[in-house]
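Please keep the sequence and the coordinates at hand while reading.

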Amino acid sequence: APGSAFAAVDLGATSGRVMLGRVGAGRLDLTEVHRFPNTPVRLPDGLRWDVLALFQGILDGLRAAAAASGPSVTSVGIDSWAVDYGLLDGDGALLGAPFHYRDGRTEGAAEHVWPKVAPDELYRITGLQHLPFNTVFQLTAAAGSAQLAAAHRLLLIPDLLTHWLTGSVGAEQTNASTTGLLDARTGMWSPYLLDRLGIDPALLPPLRAPGSPAGTLLPYAAAHTGLAPGTAVTTVASHDTASAVAAVPATEPGFAYISCGTWSLAGLELDAPVLSEESRAANFTNERGIDGTVRYLRNIMGMWLLEECRRTWDLRGEPSSMPELLAAAARAEPFAAVIDPDAPEFLAPGDMPARIREFCARTGQPVPESRGALVRCVLESLALAHRRVLRAAAALAGHDVTRVHLVGGGSRNELLCRFTADATGLPVVAGPAEATALGNILVQARAAGLVGDRAQMRALVAATQPLRHYEPSGDRAAWDAAAARLVAASARS
Ligand code: LRH
């Protein structure tokens, strides 16, 4: 049997893609039908997302999905990165291109929140890790602007694009949990926070849960894509990380996950939030997953460090090839220098090789000169950060971790997988690389009645997707020593 077809729109920081998924008894497969670049644009007042280009990419991709699917597409779902939003005026028109979370305008914005809501109180309510670009701080940075004054609705990026496909308005819960305005216990917008921060509650749309209907394609969208008029659009776990975690191929308890792409999101799946002061001090987040689960994790700077190095080299007319970089890194001297991937200077776009070298110089370490040395330094440092975060998560949540699932594009990077197994001392199961799109598809398939509970979704991924296994090996003492150097370098940086 061909199975039912679903279209997953998955938008990442550097590219968007439309995937066609087929789901049937014991069957789950995925084809990429369209990929398009996501290139942010610098305007005089900051860095913006080109949401019109993204929407065009989505329409083109859905057209490709319609053409590729023998059976018609049962439904469509959209996920993307978190925290960013567009504002609609009273007529429903978009007020300007959405800001990119890496735009510098949020610098210092939190200082304006603290007198109204202290950091510890904000954490006790939202359970959200402190990141300078959380929606709550973006709104604070926008306070007093004509744009915000004219706004009637705030729509997170996947909700905005879903609105353009369907006309419906809503705020999907897993993504809403990254705003800093959602109550971690109730899963609802916090009336208290909105009041304290002077945010009009009408700005925030009603919440909707993953798996619920988001409407049907508007006639123009159906005509433009060739999908059947009235094709369903399903609310998926629209925060990409929530979709990725939903597709972690774990078949037993005791697992940790690392969703590794532009960011590394490392942590645990819990039944209830951990809102302790220790958890806040360690900057762990309690974001929402499907079925009311909690994604207890921390952001780690991730492959962004490498992506920005490569973009820097491209701009200089000295492009790199990923296989060559990784081969050079594999040959480079181990543990020559360690950086703290969480250092704030790595957040904004820019000359990443220079920033990494400055970090090493400033912390009294040898400066990685060659590309191979630089990439080795990045990958070892990421593996050490994975270790640091997973150990802290286990301690704070009181959980035993016996294996690590590394999903997302980073799972293709064998060196990173091996380093992560060696650094953590735990077996690593790598893959699927397309966990986010699979999670998107599975939530749609479940809404259509084709798969059962979360455990069955994960079992289906485990049974159908190619996975690689890494047992910890290597020099345990050397990794322990390097972990101590990470602590020292963080303190000195
Ligand atoms: C990963 C991600 C992450 C957020 C960041 C803004 O793509 O969604 O979970 O913290 O983007």
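Helices here are DSSP runs of H or I with at least four residues, numbered from the N terminus, and in that numbering R446 is found in helix α17, which covers residues 435–447. The model is a predicted one, with a mean pLDDT of 97 for the chain and 99% of its residues at 70 or more. The predictor also gives the complex an ipTM of 0.98 and a pTM of 0.98.

**Overall fold**

- The chain contains 19 helices and 19 strands, and its C-alpha trace spans about 60 × 60 × 50 Å along the principal axes.
- A compact globule of 493 residues would have a radius of gyration near 23 Å, and the 22 Å of this chain agrees with that expectation.
- Of the 493 residues, 52% count as buried.
- When contacts in the chain between residues at least 6 apart in sequence are considered, 75% of them join residues that are at least 24 apart.

- By class, the residues of the contact of α13 with α15 comprise six nonpolar, one polar and three charged.
- The axes of α15 and helix α19 (residues 476–492) come within 10 Å and cross at roughly 85°, and these two helices are therefore also roughly perpendicular to each other.
- In this second crossing, E380, S381, L384, R387 and R388 of α15 meet A482, A483 and L486 of α19, a contact that divides into four nonpolar, one polar and three charged residues.

**A covered helix, α6**

- Which residues of α6 are buried? They are I157, P158, D159, L160, L161, T162, H163, W164, L165 and T166, so that the helix, which runs over residues 157–166, is mostly covered, with ten of its ten residues buried.
- The residue that follows α6 is G167, which has a positive phi near 85°.

- Is R446 buried or exposed? R446 counts as buried because 23 C-beta neighbours lie inside 10 Å, where the cut-off for burial is 20 or more.
- Leaving aside neighbours within four places in sequence, R446 is in contact with G211, V451 and M457.
- R446 and A423 are 23 residues apart along the chain, and their C-alpha atoms are separated by 37 Å.
- P344 is placed in the loop between α13 and α14, the latter covering residues 352–362, and P344 counts as exposed because it has 11 C-beta neighbours inside 10 Å.

**Backbone features in loops**

- As background for the items below, most residues other than glycine have a negative phi, and most peptide bonds are trans.
- V83 has a positive phi of about 60° although it is not a glycine, and this residue is found in the loop between β6 (residues 73–79) and β7 (residues 85–88).
- With 20 other C-beta atoms within 10 Å, V83 is buried.
- F335 likewise is not a glycine and has a positive phi, of about 50°; F335 lies in the loop between α13 and α14, and with 15 C-beta neighbours inside 10 Å it counts as partly exposed.
- G431 and P432 are joined by a cis peptide bond, with omega at about 0°, and P432 is found in the loop between β18 (residues 428–430) and α17.

Definitions and conventions: Residues are numbered from 1 along each chain as its sequence is written. This is a predicted model: local features need pLDDT of at least 70, side-chain atom pairs count only at pLDDT 80 or more; totals for chains, interfaces and linings use all residues. Ala, Val, Leu, Ile, Met, Phe, Trp, Tyr, Cys and Pro count as nonpolar, Asp, Glu, Lys and Arg as charged, and the others, Gly among them, as polar. The radius of gyration is taken over C-alpha atoms; the globule rule is 2.2 Å times the number of residues to the power 0.38. A residue is buried if 20 or more other C-beta atoms lie within 10 Å of its own, exposed if 12 or fewer, and partly exposed in between; C-beta atoms are placed from the backbone. Two residues are in contact if their C-beta atoms, placed from the backbone, lie within 7 Å. pLDDT is the predictor's confidence in each residue, from 0 to 100. Axes are lines fitted to C-alpha atoms, for helices over the stretch in contact, and angles run from 0 to 180 degrees between N-to-C directions. Angles under 35 degrees count as roughly parallel, over 145 as roughly antiparallel, 65 to 115 as roughly perpendicular and the rest as oblique.
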